[in-house]
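Me: I want to check the labels on this model. Please set each one against its cut-off.

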Amino acid sequence: MAQKYNQAAQVPVHSNARVVNQGTSSNSISAAVSSSVGAAATGSATTKKGQSKNSSKPQSSSGTGGGTPFKTMELAPAARRKKRKVSEKKLPDRVAALLPESALYTQLVKLEAKVDAAIARKKSDIQDTVTTPPCAQRTLRIYVFNTFANQPLESGESKSSEVPTWTLKIMGNMLEDGGDSSSDSMVNRSIHYPKFSSFFKKITIYLDQTLYPDNHVILWESSRSRVLHEGFEVKRKGDKEFTAIIRLEMNHVPEKFKLSAALTQVLGIEVETRPRIMAALWHYVKVKKLQDPDDPAVFTCDPPLRKVFGEEKVKFAVASQKLTQHLSPLQPIHLEHKIKLSGNNPSGNICYDVLVDVPFPLEKDMSVLLEKMDKSREIDDYDNSIVAAIKKINEHRQRQAFFLGFSHSPAEFINSLIDSQDRDLKVVAGDAIRNVEKEHRSEFFNQPWVEDAVIRHLNRKNASAGDVAGTT
């Protein structure tokens with residue numbers, strides 16, 4: 001009985017080894033595993049029967065006509081693991097121990113890693129700068145004037161038979177070096193400023209409703225008109241003078257807010273964006289040393305801050321939310337211009353100066369710098385040569401270790417080498433889990449699982465014999 005069980009137990013071991021070594025597709029692997037399990041359960045007769053049937057359907061049989069207790073399963077090819085990329089430029093520890101001079105190279109590698117990290121940070125900063133360029137405050141001078149044509153004389157007589165008209169014009173010009181830039185300097189200057197309409201979100205012009213009852217309100221919004229303009233003109237028919245009201249809403253990106261009197265007293269700024277307001281608050285807390293030493297996420301309010309927050313201690317996480325009540329949207333710029341239809345043409349000698357944020361024109365230069373940073377072929381060539389040299393050094397180190405081990409104790413070295421290759425061969429052949437010497441001893445068959453395995457084996461053998469007799 002022990003010999004029969006030993007013979008049956010050897011079948012799945014060799015079958016599994018065959019599946020691993022052949023590397024076939026998922027269907028053939030499934031068929032091989034199914035046939036091996038069936039062979040272990042039913043003997044040689046069932047194995048022949050399973051081979052004659054379709055390999056995609058595993059063999060199932062039992063002594064009482066039920067399902068087999070051994071579950072068959074299909075094996076799918078395992079996903080190949082991605083090998084971890086070892087730092088090829090790092091010298092192995094054994095090589096470093098043999099060559100004390102390699103400490104200098106290790107220091108250079110660490111320094112190179114720091115330089116690469118710094119370059120990566122600067123590259124990220126440059127990319128952010130190209131995406132959102134920094135801004136500088138410049139003075140935008142706004143000109144408001146009007147022209148007229150075909151207006152009647154003071155005596156009431158008309159110069160021409162054409163209809164009298166007037167045109168209101170709103171234009172702007174960026175000041176350079178504290179002075180007004182003329183048209184020639186605007187053409188020849190190296191800095192190209194954004195167009196006039198890009199500085200405004202909305203422009204509303206109110207005419208006299210008694211003179212123009214149908215369309216006395218003229219509205220322009222940047223969200224509706226994506227085309228940028230150098231100026232605006234409003235032309236109407238008429239010979240009556242009146243005062244036009246112009247409201248300009250600035251387009252600040254990011255949005256700017258007007259600070260309350262209490263917050264202005266603390267931070268010393270009147271109009272600013274929310275991020276810069278929070279940065280100014282953090283700077284104030286840091287200078288005054290108001291941060292709680294026990295809890296760095298909390299700061300203590302001094303008397304000026306207590307007027308703003310109304311509390312003794314405030315968390316940094318909720319400070320921005322509490323500051324919202326002290327921030328209000330900026331009011332539109334209110335201008336008035338009298339439409340004159342006599343005298344000098346054009347009429348109007350008043351201009352208005354407004355501070356605006358102008359982005360630096362660095363996109364082209366920064367893009368060229370990024371392209372140069374990406375094209376580092378010379379550095380790549382040096383890296384490849386270093387990697388090749390380290391590979392040769394490692395090969396020589398392995399060769400040295402081999403010959404040193406052989407020179408110290410040739411016989412012991414050869415025996416250990418043969419044992420190592422024997423273990424590798426058993427793993428490749430699938431016999432690493434077997435111990436033939438133990439299977440030849442009687443203690444192997446006195447284990448607790450042997451009795452149950454023998455009963456199941458005999459039951460399956462009798463059942464398979466009955467099936468074969470019925471079919472014949």
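Predicted model: local features only at pLDDT ≥ 70, side-chain atom pairs only at ≥ 80, totals over all residues.

Me: What makes D353 and R141 a salt bridge?
Reply: Their side chains meet at 2.8 Å, N to O. The cut-off is within 4 Å, so the pair qualifies.

Me: Which parts does that pair tie together?
Reply: D353 lies in strand β13 (residues 351–359) and R141 in strand β1 (residues 135–149), so the link joins parts 212 residues apart in sequence.

Me: Why is D353 called partly exposed?
Reply: D353 has a relative accessible area of 45%. Buried means under 20% and exposed means over 50%, so a value in between is partly exposed.

Me: How do you know that K169 and E233 form a salt bridge?
Reply: The closest N and O atoms are 3.7 Å apart. That is within 4 Å, so the label holds. K169 sits in strand β2 and E233 in strand β5, so parts 64 residues apart in sequence are tied together.

Me: Why is E233 called exposed?
Reply: E233 has a relative accessible area of 58%. Exposed means over 50%, so E233 passes.

Me: Which helices supply at least two residues each?
Reply: α12 (377–408) and α13 (410–429) do.

Conventions:
Residues numbered from 1 in each chain as written. Heavy atoms only, no water. Helix = DSSP H or I, 4+ residues; strand = E, 2+ residues; numbered from the N terminus. Buried < 20%, exposed > 50% of the residue type's maximum accessible area, 1.4 Å probe, protein only.
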